[in-house]
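Here are my notes on the model, as numbered points. Please read them with the structure open.

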Amino acid sequence: MKGRILATFTGLLLLGCEPIDGSPWGAVQSPIVGGTPDSGHPAVGAILMGTDNGGLCTGTLISPKVVVTAAHCVQGDGGWPHVFVLGPDMDSGTQYAIQAHEAHPDYVADVDGTGKTSHDIAVVVLSKTTTATPMPYRTATISSLKGATITFSGFGIRSVYNPSLVGDKYMVTTTIGSIETQGFWNYTNSSNPKNTCNGDSGGPAFYVDGGVEQIVGLVSSGDEYCSQDGWNTRVDANVDFLADMLAKYDGTVTPPVCGNGQCETGETTANCPGDCPALKCGNGTCDSGETTANCPGDCPGTTTGLWDACDANHECPGTM
């Protein structure tokens, strides 16, 4: 699908599902301009729309089968979310069929005539679980994070003058600008723009807190040439919606919380050393993070692959 043409956009428009055959329609989403290839962030994927002309947004796994993205990506004119693709680009990555999607019930596309959105957040639900580690999202307020460094990751176009440059995962680092109730702005220099653009809609803005990278925002809208500013949905202002969606679609899965003293699914020594300290295999104790697979001497007989309370009490099937 390389070489596909994305529609241009005027004014401050939604950066949502980008048509990929050049035909203009409704909401447009934004790509990474002035960024670099993103070889990390394995939970960030491309959302492709099930239409003839297609459409493109970006999303991030917050559980093994639930992806967070922008509401306008599932309610625009580009068709319904059809496939989620994990990998370095949308052509060669691993595809997962999308079985459901749901936008925030209070989503508003344009709250004041400028294209600024409210509750521009949604989830898409995959038909099967992935093996990629989900990303934690921020539940604490970001009200004091003005000026903080953030990193965007997305599959959008990389030049409004050459929209065929699309579909590869790129990243760009910038800062949080002014913060409002439902979102925050990021700004860039038009002479050397580093910004999101068409196709990046719904993509994550990551902030590192205590050594842990967490989702703090979702790309929502931006200026005509992706060279001035961008509007991003605040995740912390919509945590109740995400909790409801995880409970509804993924069996009450809750995101890992780094700093609570528990090495939860999705946390590792690398991304949460406080909760998941380096393994001490061989000390005779099945410590947090150790399993039968990585430390059979300390953790014998666990059939679940996780050392949990039932294993510790020898109540799991097959435990000694």
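1. Buried here means under 20% relative accessible area, exposed means over 50%, and partly exposed lies in between. Lysine 116 has a relative accessible area of 12%, so this lysine counts as buried. Keep in mind throughout that this is a predicted model.

2. Overall make-up. The protein chain has three helices and 14 strands. Of its 320 residues, 55% are buried. Take the contacts with a separation of 6 or more: 65% of them come from residues 24 or more positions apart. The chain exposes about 12,900 Å², and carbon and sulfur atoms supply 53% of that area.

3. The cores. The largest nonpolar core holds 48 residues. Which of them touch the most other members? They are Ile47, Leu61, Ile62, Phe84, Tyr137, Ile215 and Leu242. There is also a second, separate core of twelve residues, with Leu145, Phe152, Tyr207 and Val216 among them.

4. Helix H2. This helix covers residues 239-249, and its buried residues are Val239, Phe241, Leu242, Met245 and Leu246. Seen down the axis of H2, they fall within an arc of 155 degrees, so they line one face of the helix. They pack against strand S5 (66-69), strand S7 (94-103) and strand S8 (122-126). The face turned away from the buried side carries the exposed residues Asp240 and Lys248. Leu242 of H2 is also one of the residues that touch the most other members of the largest core.

5. The disulfide. The structure holds one. It joins cysteine 57 to cysteine 73, with an S to S distance of 2.1 Å. The torsion about the S-S bond is about -90 degrees, so the disulfide is left-handed. Cysteine 57 lies in strand S4 (residues 56-61) and cysteine 73 in helix H1 (residues 72-75), so the pair ties together parts that are 16 residues apart in sequence. Both cysteines are buried.

6. Lysine 116 again. The count of salt bridges comes to five. In one of them, lysine 116 pairs with glutamate 180, and the closest N and O atoms are 2.7 Å apart. The partners are 64 residues apart: glutamate 180 sits in the loop between S10 and strand S11 (183-187), lysine 116 in the loop between S7 and S8. Glutamate 180 is partly exposed, at 29% relative accessible area. Salt bridges that share partners join Asp112, Lys116 and Glu180 into one network.

7. Two further salt bridges. Aspartate 209 pairs with arginine 138, the closest N and O atoms being 3.0 Å apart. Aspartate 209 is in strand S12 (residues 204-209), and arginine 138 is in the loop between S8 and strand S9 (149-154), 71 residues apart. Is each partner buried or partly exposed? Aspartate 209 is partly exposed at 35%, while arginine 138 is buried at 9%. Aspartate 236 and arginine 234 also meet in a salt bridge, 2.6 Å from N to O. Both of these residues are buried.

8. Methionine 171. This residue lies in strand S10 (residues 170-175). Methionine 171 and glycine 154 are 17 residues apart in sequence and 6.5 Å apart in space, C-alpha to C-alpha.

Notes. Residues are numbered from 1 along each chain as its sequence is written. This is a predicted model: local features need pLDDT of at least 70, side-chain atom pairs count only at pLDDT 80 or more; totals for chains, interfaces and linings use all residues. Side-chain values use heavy atoms; hydrogens and water are left out. A nonpolar core is a set of buried Ala, Val, Leu, Ile, Met, Phe, Trp, Tyr and Cys residues joined through side-chain atoms within 4.5 Å. Buried means under 20% relative accessible area, exposed over 50%, partly exposed in between (1.4 Å probe, protein chains only). Helices (H or I, at least four residues) and strands (E, at least two) are DSSP runs, numbered from the N terminus. The arc is that of the directions from the helix axis to the C-beta atoms. Contact means heavy atoms within 4.5 Å. Accessible areas come from the Shrake-Rupley method with a 1.4 Å probe; for residues, only the protein chains shown count as cover. A disulfide is a pair of cysteine sulfur atoms within 2.5 Å. A salt bridge is a side-chain nitrogen of Lys or Arg within 4 Å of a carboxyl oxygen of Asp or Glu.
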